[in-house]
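Hello,

Here is the structure I promised to pass on to you. Have a look at it, then read my notes below.

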Amino acid sequence: MITKKTKHQNRPAANRHEVTFAGNKSGPKGIVNYTAKQNYRADLRREVVARASAIRESSKPKEETPEKKMRGAKARNAASTEET
């Protein structure tokens, strides 16, 4: 999560504060606690948690989808051809 500091508005190299959440702090509660301690706008907390959750979800590896099973007449035909 990257937040902007109010002290150094005209100094781009010094006006950002970057925090990585890992382990127990990585959940929504950790993000809410961090934003509350940093005096972040309370009305934007829900959006911050939603954005962080979306980023975490998108960075997870995708699970492979299983093959689709044939149903109905196609399945019966495939089963009868396998038996013979």
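Lys60 counts as partly exposed because its relative accessibility is 47% (buried means under 20% relative accessible area, exposed over 50%, partly exposed in between, with a 1.4 Å probe and protein chains only). Lys60 forms a salt bridge with Glu57, their closest N and O atoms being 3.8 Å apart (a salt bridge is a side-chain nitrogen of Lys or Arg within 4 Å of a carboxyl oxygen of Asp or Glu). Glu57 is exposed, with a relative accessible area of 52%. The structure holds two salt bridges; Arg41 and Asp43 also form one, with the closest N and O atoms 2.8 Å apart.

A word on the source: this is a predicted model, where local features need pLDDT of at least 70 and side-chain atom pairs count only at pLDDT 80 or more, while totals for chains, interfaces and linings use all residues. Residues are numbered from 1 along each chain as its sequence is written, and side-chain values use heavy atoms, leaving out hydrogens and water.

Next, the helices (DSSP runs of H or I, at least four residues; strands are runs of E, at least two; both are numbered from the N terminus). In helix H1 (residues 28-37), the buried residues are Gly30, Ile31, Tyr34 and Thr35. They fall within an arc of 130° seen down the axis, so they line one face of H1 (the arc is that of the directions from the helix axis to the C-beta atoms). The face turned away from them carries the exposed Lys29 and Lys37.

Val49 lies in helix H2 (residues 45-59) and is buried, at 16% relative accessibility.

Best wishes
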